[in-house]
Amino acid sequence: MTGPGRLGDLLDIELPIIQGPFGGGLSSVALTSAVSRAGGLGSYGAHMKTPRAITELVAELRRATDRAFAVNLWVPQPGEEHRPDPRELARHVERLRPYYDELGVAPPEPAELGPRPRFADQLDALLAAAPPAISLVMGPPPSRAVVEARRRGIILIGTATTVDEAVALEEAGVDAVVASGSDAGGHRGSFLRPVRESLVGTFSLVPQIVDAVSVPVVAAGGVADARGVAAAFALGADAVQVGTGFLATRESAAAAPHRYALADPSARHTVLTRLFSGRPARGIVNELVTELAAHEDAVPPYPVQNALMRPVRAAAVEQGRAERLNLWSGQAAALAQHGVTAADYLATLADGLPGGLPDGLPGGRPVGA
């Protein structure tokens with residue numbers, strides 16, 4: 001490969017490497033813009049933001065870089081509109097009462113469990129702000145969004161955890177598909193079948209999706225060094241998406257306890273859990289996950305469980321309590337480089353590209369603004 005490839009051509013980026021988007025306050029403008037300035041595609045997870053905040057975010061990212069970047073949203077899942085009645089809510093609160101008491105926080109008021117920002121409103125605001133790329137997880141884009149994105153010149157990226165999902169995304173009109181293997185950290189994006197039936201490893205998933213769709217395919221999950229990049233391209237991927245590795249860089253918004261955990265041998269042990277948000281997500285096994293493991297199927301869906309756990313997560317960060325924090329991580333955290341800049345880490349990943357680091361990006365020095 002002598003250039004950025006099909007995805008790079010679509011987005012006018014030098015390196016076909018995407019920084020995975022992080023939700024829950026882990027994204028930062030500093031990280032997104034640093035990756036983009038260094039030649040990759042920086043991404044920002046905006047699923048918790050209001051439409052107005054999304055508009056402001058895109059403007060802030062444009063001030064930080066004149067290179068391409070992506071903003072990510074979550075597609076709603078069936079059943080998430082349900083709100084527990086007072087008796088049901090009381091049971092969920094009592095399950096978490098020991099953690100509220102231990103950390104010295106109060107459970108959220110019922111009003112705080114109300115509807116999160118509506119996806120349709122978030123998407124409208126994002127389309128109006130017209131970032132270079134929009135990525136979605138957990139479902140295909142609405143047809144109206146595809147039409148509007150094409151009118152505005154926005155690249156749409158969908159996320160698939162199975163071959164069937166990749167085909168559905170292409171049929172829906174996305175410009176590229178992220179093949180997200182079960183190795184990946186954070187929230188699982190399965191939407192056609194239950195997550196437990198969609199746990200295909202990255203290096204089994206990528207070549208099957210490459211064979212099934214005609215749009216560019218991005219390998220995600222278990223890619224954290226140049227060897228993973230090289231393997232992904234050998235299997236036919238047009239690009240790679242790296243999440244956990246960038247979470248460990250200086251510019252990420254991960255809290256200190258989370259960073260320490262990613263660098264600890266305990267990061268070798270991860271699990272899919274609904275306990276922190278109500279949606280399945282891969283993270284490092286800690287005491288809270290172990291203590292509440294029997295309640296995995298009993299916790300309410302997102303966003304209720306997410307709201308119930310918010311005081312616990314916030315206090316755990318403030319008090320440095322990694323054993324009570326959601327430690328999102330993929331299965332290759334041990335291969336990441338901890339405490340380096342995003343640009344330097346991106347340069348080491350680029351060593352795995354066919355042809356290596358392109359001319360004009362020596363040592364990962366930023367290009368453009």
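This report describes the fold, the surface and several local features of a predicted model of one protein chain.

## Overall architecture

The protein chain contains 14 helices and 11 strands. Along the principal axes, the C-alpha trace spans about 60 × 45 × 40 Å.

## Burial, surface and charge

Of the 369 residues in the protein chain, 56% count as buried. The accessible surface amounts to about 14,600 Å², and carbon and sulfur atoms contribute 52% of this area.

The protein chain carries 33 positive and 39 negative charges. The mean position of the positive charges and that of the negative charges are 3 Å apart.

## Aromatic pairs

A pair of aromatic rings is described by the distance of the centres and the angle of the planes. The model has three aromatic pairs. One of them is formed by W74 and Y302, whose rings are tilted, with 5.1 Å from centre to centre and 50° between the planes. This pair links distant parts of the chain, since W74 belongs to strand β3 (residues 69–74) while Y302 lies in the loop between α12 (287–291) and α13 (304–319), 228 residues apart. Both W74 and Y302 are buried.

Another pair, F246 with Y345, is edge-to-face: the centres are 5.0 Å apart and the planes form an angle of 80°. F246 is in helix α10 (residues 244–247) and Y345 is in helix α14 (residues 342–350), so this pair ties together parts that are 99 residues apart in sequence. F246 is buried, as is Y345.

## Backbone features

The loop between α12 and α13 also holds P303. The peptide bond that leads from Y302 to P303 is cis, with omega near 5°. Y302 therefore takes part both in the tilted pair with W74 and in this cis peptide bond.

Two residues other than glycine have a positive phi. D12 has a phi near 60° and is placed in the loop between α1 (5–11) and β1 (17–19). D12 is exposed, because its relative accessible area of 59% is over the cut-off of 50%. A130 has a phi of about 55°, and its place is the loop between α5 (119–129) and β4 (133–137).

## The surroundings of N306

N306 is part of helix α13. With a relative accessible area of 8%, N306 falls under the 20% cut-off and is therefore buried. Leaving aside residues up to four places away in sequence, N306 touches M48, F276, S277 and R313.

N306 can also be placed relative to F119. These two residues are 187 positions apart in sequence, and their C-alpha atoms are 16 Å apart in space.

Notes:
Residues are numbered from 1 along each chain as its sequence is written. This is a predicted model: local features need pLDDT of at least 70, side-chain atom pairs count only at pLDDT 80 or more; totals for chains, interfaces and linings use all residues. Side-chain values use heavy atoms; hydrogens and water are left out. Helices (H or I, at least four residues) and strands (E, at least two) are DSSP runs, numbered from the N terminus. Buried means under 20% relative accessible area, exposed over 50%, partly exposed in between (1.4 Å probe, protein chains only). Accessible areas come from the Shrake-Rupley method with a 1.4 Å probe; for residues, only the protein chains shown count as cover. Lys and Arg count as positive and Asp and Glu as negative; His and the chain ends are not counted. The place of a charge is taken as NZ of Lys, CZ of Arg, CG of Asp or CD of Glu. Rings of Phe, Tyr and Trp (its six-membered ring) pair if their centres lie within 6.5 Å; planes under 30 degrees apart count as stacked, over 60 as edge-to-face and the rest as tilted. Contact means heavy atoms within 4.5 Å.
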